[in-house]
Amino acid sequence: HYAFLRNKWRTNNGAFSFYVPKINFKIDSNSNDLIYKEEEIICSQATELVSEMMILFNEVIAKIAYLNLIPIPYISQSINQSFKNSFFKEANTVAKKINLLKYFGSSQLVDQPQTHDALALSFYTHASSPLRRYTDILVHLQIKAFLRGQTLPLNQK
C-alpha cells in the first residue's frame, strides 16, 4: 500500500510513469498480412513495491549525503517543459509514447543535487544496485567510510 501512495505522490508532483506495451508482429501464413498485436505490460504489486522502494532508497541516500557533506555522484535528469505540459495529452499510442522519449534528457552525473524531473525528486543518486552499477559502489564506499568515521575515499574534486 505504501508503494502505491508514494508513487501517487511522485506522480502528482510531476513524475512520469508510463509503460510501453510489448509489441508482437507476425505474418499470417495464409494472406501474408502483417499482424500487429499490443500486449499491455502489467506489473505485479511486488514489482511496483520493489521499484518504488529502490527509488526511495536512492533518494534517502542522496539526502543523507547532502546533509552530511559527503561528496557523491548525484543523478539529474531534466525534461523539456513544453513536453512535460503536453505529455499526457499526446501519448495515446505506442508510437507517440516512443517518439516522446526524445524529450527526456539523458541522466547526468553531477556533484550537487539537482532535480530528477522524470522521478519528480530534488535529491537522487544511484545506490540501490552496487552489483550492477559503478556509481552505486562509489556511493556505498563514501557512506560506509562516513559511518565508520574514516577518511572519505573520494573528495569533492
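Of the 157 residues in the chain, 33% count as buried, a term that here stands for under 20% relative accessible area, with exposed meaning over 50% and partly exposed the range in between (1.4 Å probe, protein chains only). The model is a predicted one, in which local features need pLDDT of at least 70 and side-chain atom pairs count only at pLDDT 80 or more, while totals for chains, interfaces and linings use all residues. Residues are numbered from 1 along each chain as its sequence is written, and side-chain values use heavy atoms, with hydrogens and water left out.

Along the sequence the chain follows the pattern α-β-β-α-β-α-α-β-α, which amounts to 5 helices and 4 strands; these are DSSP runs numbered from the N terminus, with helices being H or I of at least four residues and strands E of at least two. Among contacts with a separation of 6 or more, 66% come from residues 24 or more positions apart, a contact being heavy atoms within 4.5 Å.

The largest nonpolar core has 11 residues, among them Ile-61, Ile-72, Tyr-74, Phe-123 and Ile-143; such a core is a set of buried Ala, Val, Leu, Ile, Met, Phe, Trp, Tyr and Cys residues joined through side-chain atoms within 4.5 Å. Helices α2 (45-67) and α5 (134-148) each supply at least two residues of this core, and α2 gives the most, with 3 residues. Leaving aside residues up to four places away in sequence, Tyr-74 touches, among others, Ala-62, Ala-65, Val-110, Pro-113 and Tyr-124. Apart from this core lies another, of 5 residues, including Ile-55, Leu-119, Leu-121 and Tyr-124.

Turning to charged side chains, the whole structure holds 5 salt bridges, each defined as a side-chain nitrogen of Lys or Arg within 4 Å of a carboxyl oxygen of Asp or Glu. One of them joins Glu-52 and Arg-6, whose closest N and O atoms are 3.8 Å apart; because Glu-52 lies in helix α2 and Arg-6 in helix α1 (residues 2-12), this pair ties together parts that are 46 residues apart in sequence. Arg-6 also meets Glu-59 in a salt bridge of 2.2 Å, N to O, and since Glu-59 lies in helix α2 and Arg-6 in helix α1, that pair links parts 53 residues apart in sequence. Arg-6 is buried at 8% relative accessible area, and Glu-59 is buried at 6%.

A further salt bridge brings together the side chains of Arg-133 and Asp-136 at 2.8 Å, N to O; Arg-133 is partly exposed at 23% relative accessibility, whereas Asp-136 is buried at 0%. Salt bridges that share partners join Arg-6, Arg-10, Glu-52, Glu-59 and Lys-63 into one network.
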